[in-house]
Each structure stands twice: as structure tokens, then as C-alpha cells.
Amino acid sequence: MTVDAARPGFSTTLAELRLRTWLLGPGQPMDVIDLFTDTDFKVVVDDRADVHINSKDGRLYLGWFPDGRPGTDGEGWKLAVTGTADTDGYCISFHTETPAAVVAAAVGRVLTTSTPVTAR
């Protein structure tokens, strides 16, 4: 390894660093909340102005906590899907500063992959 003493230190260009801008900040929570319809979901706003959305079958829950979910360290969104007798459910949490567009992408994917159960 050789050292160029005439050019000490670190040298690069913006192009070499491949800098990017990233989506930051909480954005608009309605980008997420508007994904839900009155036909299939119930929305409740509590006394803290937290928003709770439940599927009518009770298996999907989404909570939005603008000031952070009580008892957590900055949890702003909580998505939970209850499992079945054969398969475990899951939950996903997002920080209060997670962009709503990112949360909407995850929630949208969960909603588009759900299917109604047909009566037998």
C-alpha cells in the first residue's frame, strides 16, 4: 500500500458517495387511515386522540398513537393480525417518526392479501 503524502486525508466526490434523499418525518396519518372502509372496519378515536381500527371479525387491529403508545418507547403505529388454531398471528410496530407512506405500504399489503371467508 502506498500513501500519497501530497494529498493527505480522505478525498471523494458527491457522485462517488452516491448520496440519496430519504423519506423522513411522520407525514400524513390519513394516508394509512384512508385505506380502511366502513364496510369492513370500525374506527374509534379515544380520549387521548389515539386512533384504533378493528376489522369487523376482530382479527386485524391497527392503532395510531401520535404522541407514542403508552408504556412504549415511541411506538406510533401497531398493526396486529390474530392467528388461527393452526397458524400464529403477527404484529408490526412503527415509531412515531416513521413516514405514514411506509406504514401505508405495509398496511396496504396486509389488506390486499386478505380474502373474505366464504360460508359453507
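1. Two strands are taken to pair if DSSP finds at least two bridges between them. On that basis, this predicted model contains an open sheet of 5 strands, arranged in the order β1-β2-β3-β4-β5 and paired in antiparallel fashion.

2. The edges of the sheet are held by β1 (41-45) and β5 (90-95), and because each of these has a single partner strand, one side of each is left without a neighbour in the sheet. On average, and with direction ignored, neighbouring strands of the sheet are turned by 10° against each other.

3. Within the sheet, strand β2 (residues 51-55) and strand β3 (residues 60-64) run antiparallel and are joined by 4 bridges; in this pairing, Val51 stands opposite Trp64 in β3. Helix α3 (residues 100-112) packs on the sheet, where it touches β1, β3, β4 (75-81) and β5, and the direction of the helix makes about 10° with that of β4.

4. Ser55 counts as buried because its relative accessibility is 11%, which is under the cut-off of 20%.

5. The side chain of Ser55 has two polar partners to inspect: it makes a polar contact with the side chain of Asp57 at 2.5 Å, and it reaches the backbone nitrogen of Leu60 at 3.0 Å.

Methods
Residues numbered from 1 in each chain as written. Predicted model: local features only at pLDDT ≥ 70, side-chain atom pairs only at ≥ 80, totals over all residues. Heavy atoms only, no water. Helix = DSSP H or I, 4+ residues; strand = E, 2+ residues; numbered from the N terminus. Axes fitted to C-alpha atoms, helices over the stretch in contact; angles between N-to-C directions. Contact = heavy atoms within 4.5 Å. Buried < 20%, exposed > 50% of the residue type's maximum accessible area, 1.4 Å probe, protein only. Polar contact = N/O pair within 3.5 Å; in protein donor to acceptor, adjacent residues only side chain to side chain.
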